[in-house]
Amino acid sequence: MPATAQQISDFRQDIGDVGATPIFDDDAVQRIFDRATAAYSDTATYEAEMRVLGIRQMLMDAAKRVSYKQNQSSENMSDVFKHLKQLLDLWQDIRDDAASASSGGGAAWASLKKKPARSYEVPDS
């Protein structure tokens, strides 16, 4: 099943591929779509996976960029990698939430990330 024009447009909008010359052509978006639908079956999850795969490909290109400074001017191209990484984390969380929602939920097990603060009202707590 090919990606619809709306799915391709949404994909490009969500990852910021909206310039005069898009980063991903329609064939590349279709390959990303095929990979995402092979991994996940529900729409919300595979559409989020499309964004994750696209951003990962953009990260590989951004890793080659460097920052430089000369006299009073500077260009921080290495910041692109940092910003794409934050965007990737966002879409991975969205994908994981969609995947857990589609699997029926169930009990979620987690651990505390830090020790709870001590209550000074109850000395032995």
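Q: In which helix is R95 found?
A: R95 is found in helix α4, where helices (H or I, at least four residues) and strands (E, at least two) are DSSP runs, numbered from the N terminus. This is a predicted model, in which local features need pLDDT of at least 70, side-chain atom pairs count only at pLDDT 80 or more, and totals for chains, interfaces and linings use all residues. Residues are numbered from 1 along each chain as its sequence is written, and side-chain values use heavy atoms, with hydrogens and water left out.

Q: How many helices and strands are there in the protein, and in what order do the elements run?
A: The protein has 4 helices and 2 strands, and from the N terminus on its elements run α-α-α-β-β-α.

Q: Does R95 count as buried or exposed?
A: Buried means under 20% relative accessible area, exposed over 50%, and partly exposed in between (1.4 Å probe, protein chains only). R95 counts as buried because its relative accessibility is 10%. Leaving aside residues up to four places away in sequence, R95 touches Y40, T45, A48, E49, V52 and R56, contact meaning heavy atoms within 4.5 Å.

Q: What is the relative accessible area of Q92, and which residues does Q92 touch?
A: Q92, which is also found in helix α4, has a relative accessible area of 17% and is therefore buried. With residues up to four places away in sequence not counted, Q92 touches V52 and R56.

Q: How many residues has helix α4, and what length is expected?
A: The expected span of a helix is 1.5 Å times one less than its number of residues. Helix α4 (residues 79-102) has 24 residues, and from its first C-alpha to its last it reaches 35 Å, close to the 34 Å expected. Its buried residues are L84, L88, W91, Q92, R95 and A98, and these pack against α1 (5-15) and α3 (43-62).

Q: How are two packed helices described, and at what angle do α2 and α3 cross?
A: Two packed helices are described by the angle between their axes and the distance between the axes. Axes are lines fitted to C-alpha atoms, for helices over the stretch in contact, and angles run from 0 to 180 degrees between N-to-C directions. The axes of helix α2 (residues 26-39) and α3 come within 8 Å and cross at roughly 125°. That makes α2 oblique to α3, given that angles under 35 degrees count as roughly parallel, over 145 as roughly antiparallel, 65 to 115 as roughly perpendicular and the rest as oblique. The crossing is right-handed, a term used if the near helix is turned clockwise from the far one by less than a right angle, with anticlockwise giving left-handed. In this pair, V29, I32, F33, R35, A36 and T37 of α2 meet Y46, E49, M50, L53, G54 and Q57 of α3.

Q: At what angle do the axes of α1 and α3 cross?
A: The axes of α1 and α3 cross at roughly 50° and come within 10 Å. That makes α1 oblique to α3. The contact is made by Q7, D10, F11, D14 and I15 of α1 and by Y46, E47, M50, R51, G54, I55 and M58 of α3.

Q: Where is D26 found, and which residues does D26 touch?
A: D26 is found in helix α2 and counts as partly exposed because its relative accessibility is 46%. Not counting residues up to four places away in sequence, D26 touches I8 and R12.
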